[in-house]
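You asked for a reading of this model before the next discussion. My notes follow as numbered points.

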Amino acid sequence: MAKRDGLSVKMIERLKEPGKYADGRNLYLHVGKNASKSWLFIYRRLGADRMRGLGSYRHVSLDEARERAGEYRAMLRQGIEPPKARGAVTKKEQGRTFEQVNERYLAEHKGSWRNPDKAESLWRNSLRDHAFRIIGDKDVKDIDVKDVHAVLSPIWLTKHPTAKKIRWRIGAVLAYAAALDLRPDVDLTRGGGKLDKLLPKASRVHVVEAHDSLPYAELSDFMVELRQRPGVAAAALDFLILTGARTKEVRLATRDQFDLNEAVWNAPSSLMKANRPHRVPLSPEAVAILKSLPRDKDDGYVFISASRPGEPMSDMAMTQLLKRMGRKDGVTVHGFRSTFRTWAAEECLDIPREIAEAALAHSVGGVEGQYQRGDYFNTRRTLMERWAAFCRGEGK
């Protein structure tokens with residue numbers, strides 16, 4: 001390991017002249033008029049120098065002072081003001097409140113998330129709206145299952161999907177606090193624990209609201225109207241319906257993902273919600289859409305923005321198209337996946353359910369999911385060609 005520049009124990013022992021002696025990285029040794037020696041952490045914030053005492057040299061060694069200075073620098077990077085003294089300080093000064101530890105967790109982890117800006121915003125807003133007023137200023141070591149219950153109880157039945165996400169987020173922050181030795185390593189939010197005994201069983205009283213979908217009996221008439229509309233958004237929505245894909249997967253699809261000779265879309269893991277590659281068998285109608293679209297000079301995105309050449313179409317383009325088509329029944333773009341799934345369940349009784357689930361790139365859970373490694377590609381091709389025929393009004 002390279003030798004660290006700065007003070008040494010021998011140097012410190014020899015120092016007698018009053019003054020401040022820099023060790024580096026914001027750490028200073030202060031020598032008083034009577035040769036007393038103490039540690040200072042000096043930093044600049046809001047245009048002014050600020051100072052924090054780290055203790056006397058008699059009680060705090062050079063290595064310990066450097067370690068404490070490192071902790072303070074980490075606090076500053078996370079927007080936390082270092083404590084004013086090493087003695088009795090408030091929980092806020094120590095950076096131990098739930099809200100402060102949450103900030104440290106986000107600073108540490110958000111960079112690894114797939115859509116960090118959006119995910120961070122959703123995370124912050126949910127905890128701000130439902131958790132901080134109850135546990136935000138509370139020391140993480142003092143938070144118990146009753147506190148978590150107090151956060152979740154008001155929304156457990158009325159906003160159950162949101163409540164489940166908040167439960168997981170609180171658990172993640174508290175686990176992070178335990179890893180920092182700020183609280184006992186006890187999972188208050190685990191399934192089957194005390195929290196589940198306090199909360200009612202939401203599965204018995206709550207119906208998860210799905211995206212509004214078009215009844216499949218009305219689909220062929222809708223497709224006739226859709227296919228009369230010009231433009232990239234109409235082509236993209238047509239392609240989305242034919243493939244059962246999600247909005248992001250269609251918007252960000254690039255030319256190199258498609259093998260039109262084999263009629264296959266090789267969607268990479270970066271596009272997929274489950275973060276796994278997904279092969280999509282393409283019906284003749286889907287291939288025809290791809291061949292009909294203009295190409296940009298770089299042969300990049302398939303569905304190109306009309307106003308920003310070379311960029312993908314807006315994530316609201318297909319939604320706005322539905323509005324222009326006069327849909328006032330609440331039908332959403334994502335809801336067409338539900339239309340497909342309902343059709344497959346009710347009209348394709350000869351095709352097992354896991355085939356339709358695989359077509360939607362849904363994960364199969366439990367033991368079945370652990371042992372199932374195939375993607376049913378050939379059977380899915382049959383299903384998607386049958387779906388394309390249904391979309392053009394040919395029944396099954």
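**Notes on the predicted model**

1. A search of the whole structure, which is a predicted model, finds 17 salt bridges. Side chains of opposite charge can pair when their charged atoms come close.

2. Glu103 and Arg124 meet through their side chains in a salt bridge, at 2.4 Å from N to O. Glu103 belongs to helix H4 (residues 98-109) and Arg124 to helix H5 (residues 116-130), so this pair ties together parts 21 residues apart in sequence. Is Glu103 buried or exposed, or does it fall in between? With a relative accessibility of 25%, Glu103 counts as partly exposed. Arg124 also counts as partly exposed, at 29%.

3. Arg124 has a further salt bridge, with Glu120, where the closest N and O atoms are 2.8 Å apart. Here both residues sit in helix H5, four residues apart, which is about one turn of the helix. Glu120 has a relative accessible area of 11% and is buried, because the limit for buried is under 20%.

4. The pair Glu357 and Arg341 forms a salt bridge between side chains, with an N to O distance of 2.6 Å. Which parts of the chain does this pair tie together? Glu357 lies in helix H17 and Arg341 in helix H16, so the parts joined are 16 residues apart in sequence. Glu357 is buried, at 13% relative accessibility. Arg341, at 19%, counts as buried as well. Elsewhere, salt bridges with shared partners link Glu103, Lys110, Glu120 and Arg124 into one network.

5. On the overall make-up, the chain has 19 helices and seven strands. Of its 396 residues, 43% are buried. Among contacts between residues at least 6 apart in sequence, 57% join residues at least 24 apart.

6. The largest nonpolar core has 58 residues, and Phe222, Leu237, Ile241 and Trp265 touch the most other members. Several elements give two or more residues to this core, among them helix H11 (219-226), helix H12 (232-243), strand S6 (264-267), helix H14 (284-292) and helix H15 (317-324). Helix H16 (335-347), helix H17 (353-359) and helix H19 (377-391) also give two or more. Which element gives the most to this core? That is H12, with nine residues. There is also a second, separate core of 29 residues, including Leu106, Ala177, Leu182 and Leu195.

7. How many cavities of 30 Å³ or more does the structure hold? It holds one. The volume of the largest cavity is about 30 Å³. Its lining includes Thr243, Gly244, Ala245, Glu249, Met272 and His278. Val280, Arg337, Ala359, Leu360 and Ala361 also line the largest cavity.

8. Most residues other than glycine have a negative phi, and most peptide bonds are trans. Asn26 is not a glycine, yet has a positive phi of about 75 degrees. Asn26 is in the loop between strand S1 (19-24) and strand S2 (27-31). At 28% relative accessibility, Asn26 counts as partly exposed.

9. Asn275 likewise has a positive phi, of about 60 degrees, although it is not a glycine. Where does Asn275 lie? The position of Asn275 is in the loop between S6 and strand S7 (278-281). With a relative accessible area of 46%, Asn275 is partly exposed.

Methods: Residues are numbered from 1 along each chain as its sequence is written. This is a predicted model: local features need pLDDT of at least 70, side-chain atom pairs count only at pLDDT 80 or more; totals for chains, interfaces and linings use all residues. Side-chain values use heavy atoms; hydrogens and water are left out. A nonpolar core is a set of buried Ala, Val, Leu, Ile, Met, Phe, Trp, Tyr and Cys residues joined through side-chain atoms within 4.5 Å. Buried means under 20% relative accessible area, exposed over 50%, partly exposed in between (1.4 Å probe, protein chains only). A salt bridge is a side-chain nitrogen of Lys or Arg within 4 Å of a carboxyl oxygen of Asp or Glu. On a 1 Å grid over the protein atoms alone, a cavity is a set of points where a 1.4 Å probe fits but cannot get out, and a pocket is an open set with protein on both sides within 12 Å along at least five of seven lines; lining residues have an atom within 4 Å of a point. Grid points are joined across faces, edges and corners, and a volume is the space filled by probe spheres set on the points. Contact means heavy atoms within 4.5 Å.
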